[in-house]
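Student: Can you walk me through this model? I'd like to start with the overall picture and then go residue by residue.

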Amino acid sequence: MSEYSVVTLSRHIIEEQRLHPDATGAFTSLLMEIALAAKMISRQVNKAGITDILGGIDDQNVHGEEVQKLDVYADRVLFKALDHTGTLCCLASEEHESFLPIPDKFPAGDYVLLYDPLDGSSNIDVNVSIGTIFSIHRKVSSAERGSLEDCLQPGRRQLAAGYVIYGSSTMLVYTSGTGVFGFTLDPSIGEFVLSHPNMRIPEPSAKVYSVNEGNWSAWSAEQRQLVEEMRGEGEHGGFSGRYIGSLVADIHRTLLRGGIFMYPGDARMPNGKLRLLYEASPMAFIVEQAGGRASDGATRLLDVQPRGLHDRIPVFMGTSTFVDRAVGHLTATLGSPPVGAGAGGSGESR
Ligand code: AHG
Ligand code: MN
Ligand code: MN
């Protein structure tokens, strides 16, 4: 990249906006505020070892999981970066039971933001990559400050989705339906700079499967067979295993190298662990826009109708041929879909 021709995130978004003559600029300003929040979270993540931000806060979120200090920080930073912009009618966060209307003192807008402020919480204290995930919908109800209906839209209606990965560098990756673009934060100028234009999952891709095999004993026979086949020597075998335990990091690798990421339903968690609105849907939009496939094991993830804000859903996403193979296997083996698949999720906790 030439020093004289950097494409910053703001330039990229403004140029995209010009393709839509009726655009008001609200969408541009929304994405720029998300980027600002991402920089603030990134700064805090980088200082995590030297300031008092590591560890838990002796509280549990709506899923019964221990809340980390960085979860709370990221959640508040995102809300505060966006509450006053006049672009949103409401937000919904993985960390809050109910959706969050824009406060009365600020103007309300036409968009809805769903977000996982800090993804990969269990990796915070061990200096492993974590992230932030976001999903943007257009308001569909007549409620000025949003309603549940605005939040519970199928993923195919997303206007944009993205994630920030706080890794060896900080990157923001997003799609607004015209491909996937990756920007790397250049800390010396404080800007996200286009580093990965038009990201595509390579095909043929690396043979990598990514799944928490600690759940093996609770898996269905079909899920075990699938993984055994990938580990084996046969035509559909020869895979390596890679599992980080941060969805953002596992999907980022899958986008760049290819492979299949899975979080299936099992006997303990019939709909798996991942949340439809804050994790599965935005990642499915990105993966599809990069030429990959995303399924719950039976249904295209983007077609699943959410029933509640905190629905969970089985996830199979990545290289199209691998996902097609997995779904074919899971649905054909015993003529029935895998545990929880196609159910449209449920709100139960682990
Ligand atoms: P979060 O930190 O937002 O709760 O998400 C954690 C998720 C996701 O990042 C990851 O893919 C998955 O949990 C890992 O779950 P296991 O530890 O069960 O493998
Ligand atoms: Mn998460
Ligand atoms: Mn989270």
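Tutor: Here is a chat about the chain, its ligand and a few residues.

Student: Before we start, what should I know about the model and the numbering?

Tutor: This is a predicted model, where local features need pLDDT of at least 70, side-chain atom pairs count only at pLDDT 80 or more, and totals for chains, interfaces and linings use all residues. Residues are numbered from 1 along each chain as its sequence is written, chains are lettered from A and ligands numbered from 1 in the order in which they are written, and side-chain values use heavy atoms, with hydrogens and water left out.

Student: Fine. How many helices and strands are in the chain?

Tutor: The chain has eight helices and 15 strands. Those are DSSP runs, numbered from the N terminus: H or I over at least four residues for helices, E over at least two for strands.

Student: And what share of the residues counts as buried?

Tutor: 54% of the 350 residues. Buried means under 20% relative accessible area, exposed means over 50%, and partly exposed is in between, with a 1.4 Å probe and protein chains only.

Student: What about contacts between residues at least 6 apart in sequence?

Tutor: Of those, 65% join residues at least 24 apart. Contact here means heavy atoms within 4.5 Å.

Student: On to the ligand. Which residues come nearest to ligand 1?

Tutor: Asp119, Ser121, Asn212, Tyr243 and Tyr263, out of 17 residues around ligand 1. A residue is near a molecule if one of its heavy atoms lies within 4 Å of it.

Student: Which polar atoms reach the oxygens of ligand 1?

Tutor: Among them, a backbone N or O atom of Leu247 lies 2.8 Å from a ligand 1 oxygen. A polar side-chain atom of Lys273 is 3.1 Å from an oxygen of ligand 1, and for a side-chain N or O atom of Glu279 the distance to a ligand oxygen is 3.3 Å. A polar contact is a pair of N or O atoms within 3.5 Å; within protein, one must be able to donate a hydrogen and the other to accept it, and residues adjacent in sequence count only if both atoms are side-chain atoms.

Student: How much of ligand 1 does the protein cover?

Tutor: 90% of the 470 Å² of accessible area that ligand 1 has on its own. Those areas come from the Shrake-Rupley method with a 1.4 Å probe.

Student: Where does the shell come from?

Tutor: Strand β5 (residues 111–119) gives the largest share, three residues. Domain 1 (3–196) and domain 2 (208–331) each supply at least three residues; the bounds come from an automatic or database domain assignment.

Student: Leu247 came up. What's the helix there like, enclosed or open?

Tutor: Helix α6 (residues 247–257) is largely enclosed by the rest of the structure, because nine of its 11 residues are buried. Leu247, Asp250, His252 and Arg253 are among the buried ones. After α6 comes Gly258, with a positive phi near 95°.

Student: New topic: is Thr175 buried or exposed?

Tutor: Thr175 counts as buried because its relative accessibility is 0%. Thr175 sits in strand β8 (residues 170–175), and its side chain reaches the backbone nitrogen of Gly177 at 3.0 Å. Not counting residues up to four places away in sequence, Thr175 touches residues including Leu159, Val180, Phe285 and Gln289.

Student: What does Asp83 do in its loop?

Tutor: Asp83 lies between α3 (69–82) and β3 (88–93), and its side chain makes a polar contact with the side chain of His84 at 2.9 Å. Asp83 is buried, at 4% relative accessible area. Setting aside neighbours within four places in sequence, Asp83 contacts Ile102, Pro103 and Phe106.

Student: Is Asn127 buried or exposed?

Tutor: Asn127 counts as exposed, because its relative accessibility is 74%.
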